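Here is my note on the model, point by point. Please read it with the structure open.

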Amino acid sequence: MQLMKKTKLHAMGILFGAVFSWFGLSVASASCNPRGCTGQITRIYTKASGTVHIGTDQDETQANCGEPNNVYFTIRPDAVARDMFLAKLISAQAQEKSLYIRIVESTSDCEVMYILMDN
């Protein structure tokens with residue numbers, strides 16, 4: 001019985017390790033894919049409406065969202081995590097750190113789903 005518990009815990013540890021390693025790799029290597037981009041922030045464009053557009057040093061047009069020539073990701077004014085996103089973006093830009101920005105696929109404005117930043 002205890003052997004089964006240890007085996008299950010070991011398997012879960014390997015699974016979590018693989019997931020966290022994937023996230024770590026996604027932040028470490030700069031690129032874009034249909035789900036988002038990893039790179040440094042080059043522009044934070046804030047509109048009076050509260051909408052924030054984000055530019056990176058990568059090719060955002062590879063993400064599965066927006067118009068074919070869209071070059072910004074968007075944080076909507078009503079996003080619950082808007083202030084946390086902005087704090088993370090400003091911190092990363094000031095420290096010249098790379099971020100992984102995950103978007104909501106197929107949104108017309110390339111809405112940001114979440115942002116990852118490693119140490």
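1. Start with the disulfide between Cys-65 and Cys-110. Their sulfur atoms are 2.0 Å apart in this predicted model. The torsion about the S-S bond is about 95 degrees, so this disulfide is right-handed. Cys-65 sits in the loop between strand 3 and strand 4 (73–75), while Cys-110 sits in the loop between strand 5 and strand 6 (112–116). The pair therefore ties together parts that are 45 residues apart in sequence. Both Cys-65 and Cys-110 are buried.

2. How many disulfides does the structure hold? It holds two. The other one joins Cys-32 to Cys-37, with an S to S distance of 1.9 Å. The link of Cys-32 and Cys-37 is right-handed, with 110 degrees about the S-S bond. Is Cys-32 buried or exposed? Cys-32 has 11% relative accessibility, so it counts as buried, the cut-off being under 20%. Cys-37 is at 0% and therefore counts as buried. With the bonded cysteines of the chain numbered in sequence order, the pairing reads 1-2, 3-4.

3. Strand 1 (residues 31–33) pairs with strand 2 (residues 36–46) in the antiparallel sense, over three bridges. Strand 1 and strand 2 form a hairpin, with two residues between them. Which residue is the bridge partner of Cys-32 in strand 2? The partner is Cys-37.

4. With strand 3 (residues 52–56), strand 2 pairs in the antiparallel sense over five bridges. Ile-44 stands opposite Ile-54 of strand 3. Strand 2 and strand 3 also form a hairpin, here with five residues between them. Gly-50 lies in that turn and has a positive phi of about 100 degrees. Strand 2 also pairs with strand 5 (residues 98–103), in the antiparallel sense and over five bridges. In that pairing, Gly-39 stands opposite Leu-99 of strand 5.

5. Next, the core. Which residues touch the most other members of the largest nonpolar core? Of its 19 residues, these are Ile-54, Phe-73, Leu-89, Ile-101 and Val-112. Two or more residues come from each of strand 2, strand 3, strand 4, helix 2 (82–95), strand 5 and strand 6. Helix 2 gives the most to this core, with four residues. Ile-54 is also the residue of strand 3 that stands opposite Ile-44.

6. Thr-56 is found in strand 3. Its relative accessible area is 9%, so Thr-56 is buried. What does Thr-56 touch, not counting residues up to four places away in sequence? Its contacts are Cys-37, Gln-40, Ile-41, Thr-42 and Ile-101. Ile-101 is one of the core residues that touch the most other members.

7. Last, the aromatic pairs. A search of the whole structure finds two. Tyr-45 and Tyr-72 form a tilted pair, 6.2 Å centre to centre and with 40 degrees between the planes. Tyr-45 lies in strand 2 and Tyr-72 in the loop between strand 3 and strand 4, so the pair ties together parts that are 27 residues apart in sequence. Tyr-45 is at 39% relative accessibility and counts as partly exposed. Tyr-72 is at 22% and also counts as partly exposed.

8. Tyr-100 counts as buried at 2% relative accessibility, whereas Tyr-114 is partly exposed with a relative accessible area of 27%.

Methods
Residues numbered from 1 in each chain as written. Predicted model: local features only at pLDDT ≥ 70, side-chain atom pairs only at ≥ 80, totals over all residues. Heavy atoms only, no water. Pairing = 2+ DSSP bridges. Disulfide = S-S within 2.5 Å. Buried < 20%, exposed > 50% of the residue type's maximum accessible area, 1.4 Å probe, protein only. Core = buried A, V, L, I, M, F, W, Y, C linked by side-chain atoms within 4.5 Å. Contact = heavy atoms within 4.5 Å. Phe/Tyr/Trp six-rings, centres within 6.5 Å; stacked < 30°, edge-to-face > 60°.
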